Each structure stands twice: as structure tokens, then as C-alpha cells.
Amino acid sequence: MPDTASSISISESRTYTISELAREFGITPRALRFYEDKDMLHPARDGMTRVYSHRDRARVTIIVRMKRLGLPLADIREILDLYGLGDNERAQKRKTLEKFRNQVKELESQREDIEVALTELHKGIAWLEDNLAKIGPPDDHADSVAAYDAVARKQLDEA
């Protein structure tokens, strides 16, 4: 039976290149460098090469998941900064809960706005279709297009 402690330390000691993490998470290396610039990731350096740790990989997982939920990077960074306070992650979990609740409210508000917009668009479509039906079919659509094209070309030639 394998020694669990050594299995954990082996997996935790694994490092990743920027390309490996970018590929794994479906993001660009530029995004990873951006997160580093925002002090959300802290890769080690081997010369000019970034070397990402197991901890960095875990942070990328959190960043990507929370971005998918629509949380702003400032909120994500705030949550990441609370990790490792020695409080059994209580502060981080409380802050995450607060941010999640706020995001639910924001998304529900957006959903209401979308529903209103969809209702208005459907009304507009019905009104336009009804009006077009009352006007009747176009005389000759091809003639209208040709006439428009002729006017547009003349204006371009004169310019």
C-alpha cells in the first residue's frame, strides 16, 4: 500500500509551466501573466521561466471558476488573499459566501432585465410583422436592391 504522506508531497511538489496551466484551464498564457501582475499568482522563477506550484494551480482553479460565475477580479483577489490565515479558512469561506450571495442578487436582477427586454423585443417583432403583412409583399425586391445599389455606387463615385 502506498504511503499517503509521500503521495501528497509528490503531487504537491509537482510544478507546471505557463503553457501547461494555460492548456489545462483553457486560458491564455497572457491571462496567467495578467493574474500575476494583479498579485493573484506568485510563480517561482527559473531564469526567465515561470514555474507554477501546486498552490498556484489551485489558485488558478479558483480564479477560473469564480470568473465563470461572473465575479470581478477584485473580489476574487480579496478571497484569495484570505487563504492561509490559520483560521481553518473561516474568513475566506465567509467572504466567499458574501460574494456569492451578492452575485446571485446581481444575476437575478440581470435576469429580470433580460426578461423585460425579451418581452419588448417579442412585442416589437409581432408589431413589425403585422405592419409588414398589412403593407403587403414587396413589388420586386430585386428592383429595390438594384436601385439602392445604383444610388450607393453613384454617391461613392462622386466622393
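Colleague: Which residues in α6 are buried?

Modeller: In α6, the buried residues are Gln-92, Lys-95, Thr-96, Lys-99 and Gln-103. Buried means under 20% relative accessible area, exposed means over 50%, and partly exposed lies in between, with a 1.4 Å probe and protein chains only. This is a predicted model, in which local features need pLDDT of at least 70 and side-chain atom pairs count only at pLDDT 80 or more, while totals for chains, interfaces and linings use all residues. Residues are numbered from 1 along each chain as its sequence is written, and side-chain values use heavy atoms, with hydrogens and water left out.

Colleague: Why is Lys-99 called buried?

Modeller: The relative accessibility of Lys-99 is 10%, and therefore Lys-99 counts as buried. Lys-99 belongs to helix α6. Leaving out residues up to four places away in sequence, Lys-99 touches Leu-71, Asp-75, Glu-78 and Ile-79, where contact means heavy atoms within 4.5 Å.

Colleague: Against which elements do the buried residues of α6 pack?

Modeller: They pack against α4 and α5.

Colleague: What makes α6 a helix, and how does its reach compare with the span expected?

Modeller: Helices are DSSP runs of H or I with at least four residues, strands are runs of E with at least two, and both are numbered from the N terminus. Helix α6 covers residues 90-135 and has 46 residues. The expected span is 1.5 Å times one less than the number of residues. Just after α6, Gly-136 takes a positive phi of about 95 degrees.

Colleague: How many helices and strands does the chain have, and in what order do the elements run?

Modeller: There are seven helices and two strands. From the N terminus on, the order is α-α-α-β-β-α-α-α-α. Of the 159 residues in the chain, 20% are buried.

Colleague: How is the packing of α4 and α5 described?

Modeller: Two packed helices are described by the angle between their axes and the distance between the axes. Helix α4 (residues 54-68) and helix α5 (residues 73-81) pack at an angle of about 145 degrees, with their axes 10 Å apart. The axes are lines fitted to C-alpha atoms, for helices over the stretch in contact, and angles run from 0 to 180 degrees between N-to-C directions.

Colleague: Which residues of α4 and α5 meet, and how do they divide by type?

Modeller: Arg-59, Ile-62, Ile-63, Met-66 and Lys-67 of α4 meet Leu-73, Ile-76, Ile-79, Leu-80 and Asp-81 of α5. The residues of this contact comprise seven nonpolar, no polar and three charged. Ala, Val, Leu, Ile, Met, Phe, Trp, Tyr, Cys and Pro count as nonpolar, Asp, Glu, Lys and Arg as charged, and the others, Gly among them, as polar.

Colleague: What else does α4 pack against, and which of its residues are buried?

Modeller: Buried in α4 are Asp-56, Arg-59, Val-60, Thr-61, Ile-63, Val-64 and Met-66. The buried residues of α4 pack against α2 (18-25), α3 (29-37), β2 (49-51), α5 and α6. After α4 comes Gly-70, with a positive phi near 95 degrees.

Colleague: Why is Arg-14 called partly exposed?

Modeller: Arg-14 has a relative accessible area of 39%, so it is partly exposed. Arg-14 lies in the loop between α1 (4-13) and α2. Its contacts, leaving aside neighbours within four places in sequence, are Glu-20, Tyr-52, Ser-53 and His-54. Arg-14 and His-54 are 40 residues apart in sequence and 6.4 Å apart in space, C-alpha to C-alpha.

Colleague: Why does Glu-89 count as partly exposed?

Modeller: Glu-89 is partly exposed because its relative accessible area is 30%. Glu-89 is placed in the loop between α5 and α6, and its phi is near 65 degrees, a positive value in a residue other than glycine.
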